[in-house]
Amino acid sequence: EYRNMPVKTPSRVVVHPIVLLSVVDHFNRLSKIGNQKRVVGVLLGSWRKGVVDVATSFAVPFDEDDRDKSVWFLDHDYLENMAEMFRKVNAREHIVGWYHTGPKLHRNDIAINGLIGKYCKLSPVLVIVDAKPKDLGLPTDAYYAVEEVHDDGTPTTKTFEHVASEIGAEEAEEVGVEHLLRDIQDKTVGTLSQRISGQLQSLQGLQTHLQGIRDYLARVAAGRLPVNHSIMYLLQDIFNLLPNLNLEEFNRAFAVKTNDQLLVVYIGSLVRSVIALHNLIANKQANTEAERQEGKKEEKGEKGEKGEKGEKGEKG
């Protein structure tokens with residue numbers, strides 16, 4: 001039923017959130033029962049104008065020898081049975097590749113990719129999902145296999161080439177993810193604190209990318225990496241889009257904008273202080289009034305007791 005896949009180069013790989021949740025669950029379940037270093041599974045989805053849309057996935061039993069990476073096992077029968085069941089549920093989704101939790105490429109990935117390719121209509125993609133990310137950014141890296149031609153005339157070999165990946169979701173998936181995040185987030189923290197935390201994480205991610213650009217340029221300048229003109233053109237576009245911070249008008253506008261924002265913050269702090277002082281005074285007045293009312297009740301009680309004693313004395 002399956003045939004050798006024709007070679008097609010993907011321009012981008014879109015991974016849905018349900019795939020990330022499934023991969024992390026697969027990794028955590030096997031980590032609890034053994035020291036599994038990585039897990040392997042199959043990706044299902046579709047090709048759309050050169051873009052691989054990965055909609056769902058399923059795990060596949062996999063094992064490998066830690067000392068000899070050329071010795072590995074992948075359950076073909078389980079893969080075929082699961083693929084057949086998924087085809088009955090949704091015929092539009094086909095096997096488009098496979099995943100593992102790396103977190104980096106392994107030497108036997110080319111051999112595994114060749115095996116998975118027998119079940120794909122087009123060339124398979126490999127998505128490495130970091131189940132325990134330590135740095136900010138996307139936890140996915142996508143690759144596809146290409147033929148590497150050697151200058152010395154030796155036979156060609158298969159190697160992996162990186163392809164851009166992103167996280168994409170449909171409207172229903174976005175609602176589900178928002179509900180999950182709502183349960184995870186601390187509800188005692190205000191919206192402003194969440195926004196500041198989000199901006200801080202974004203700045204840390206930007207710093208990580210800038211450090212990566214700096215390291216790449218340093219390696220190119222030192223001659224350890226060849227010059228990639230496509231990357232250089234993109235970096236030139238980034239530099240051209242940066243604002244000129246030396247203009248007097250820009251500095252003045254930035255200062256005015258900052259002063260306006262700080263003025264709003266200052267007025268807000270004053271208003272909060274006045275409201276807090278007002279509530280304190282109102283609370284003190286309420287407590288004083290309550291004590292006064294309680295004193296009046298006690299006085300009335302004492303007068304009533306004295307009156308009753310006087311009446312009893314007269315009767316006696």
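This short talk goes through the strands, salt bridges, surface patches and a few backbone details of the structure shown above.

What you see is a predicted model, in which local features need pLDDT of at least 70 and side-chain atom pairs count only at pLDDT 80 or more, while totals for chains, interfaces and linings use all residues. Residues are numbered from 1 along each chain as its sequence is written, and side-chain values use heavy atoms, with hydrogens and water left out.

Let me begin with the strands. Helices and strands here are DSSP runs, numbered from the N terminus, with at least four residues of H or I for a helix and at least two of E for a strand. Two strands are said to pair if DSSP finds at least two bridges between them. Strand 1, residues 12-15, pairs in the parallel sense with strand 3 over four bridges, and in that pairing arginine 12 stands opposite valine 51 of strand 3. Strand 1 also pairs with strand 10, residues 165-167, again in the parallel sense, over three bridges, and here valine 14 has glutamate 166 of strand 10 as its bridge partner.

Strand 6, residues 94-100, and strand 7 form another parallel pairing, over four bridges, with valine 125 of strand 7 as the bridge partner of glycine 97. How many residues of strand 7 are buried? Taking buried as under 20% relative accessible area, exposed as over 50% and partly exposed as in between, with a 1.4 Å probe and protein chains only, the count is five of the five residues in 125-129, so strand 7 is largely enclosed by the rest of the structure. In a regular strand the side chains alternate between the two faces of the sheet. In strand 7, Val125, Val127 and Val129 point one way and Leu126 and Ile128 the other way, and all are buried.

Let me turn to the salt bridges, each defined as a side-chain nitrogen of Lys or Arg within 4 Å of a carboxyl oxygen of Asp or Glu. By this rule the model has nine salt bridges, and I will take some of them in turn. Within helix 1, residues 17-33, arginine 29 and aspartate 25 lie four residues apart, about one turn of the helix, and their side chains meet in a salt bridge at 2.9 Å, N to O. Arginine 29 has a relative accessible area of 44% and is therefore partly exposed, and aspartate 25, at 40%, is partly exposed as well.

Which residue forms a salt bridge with glutamate 64? The partner is arginine 38, and the closest N and O atoms are 2.9 Å apart. This pair links distant parts of the chain, since glutamate 64 belongs to strand 4 (residues 62-64) and arginine 38 to the loop between helix 1 and strand 2 (40-48), 26 residues apart. Both glutamate 64 and arginine 38 are buried, and together with Asp109 they are linked in a network of salt bridges.

Aspartate 215 and arginine 214 also meet through their side chains, with 3.5 Å from N to O. Aspartate 215 is partly exposed because its relative accessible area is 35%, whereas arginine 214, at 54%, counts as exposed.

Patches are made of residues with over 30% relative accessible area and no salt bridge, like charges being joined within 9 Å and nonpolar side chains (Val, Leu, Ile, Met, Phe, Trp, Tyr) within 5 Å. A nonpolar patch of about 560 Å² is made by Leu263, Tyr266, Ile267, Leu270, Val271 and Ile275. Of these, valine 271 is placed in helix 7, and its relative accessible area of 41% is why valine 271 counts as partly exposed.

I will close with some backbone details. Glycine 102 and proline 103 are joined by a cis peptide bond, with omega at about 5 degrees, and proline 103 lies in the loop between strand 6 and helix 3 (109-117). Lysine 49 has a positive phi of about 55 degrees although it is not a glycine; lysine 49 sits in the loop between strand 2 and strand 3 (51-60) and, with a relative accessible area of 87%, is exposed. Finally, isoleucine 18, in helix 1, is 151 residues from alanine 169 in sequence and 8.8 Å from it in space, C-alpha to C-alpha.

Note on methods:
Accessible areas come from the Shrake-Rupley method with a 1.4 Å probe; for residues, only the protein chains shown count as cover.
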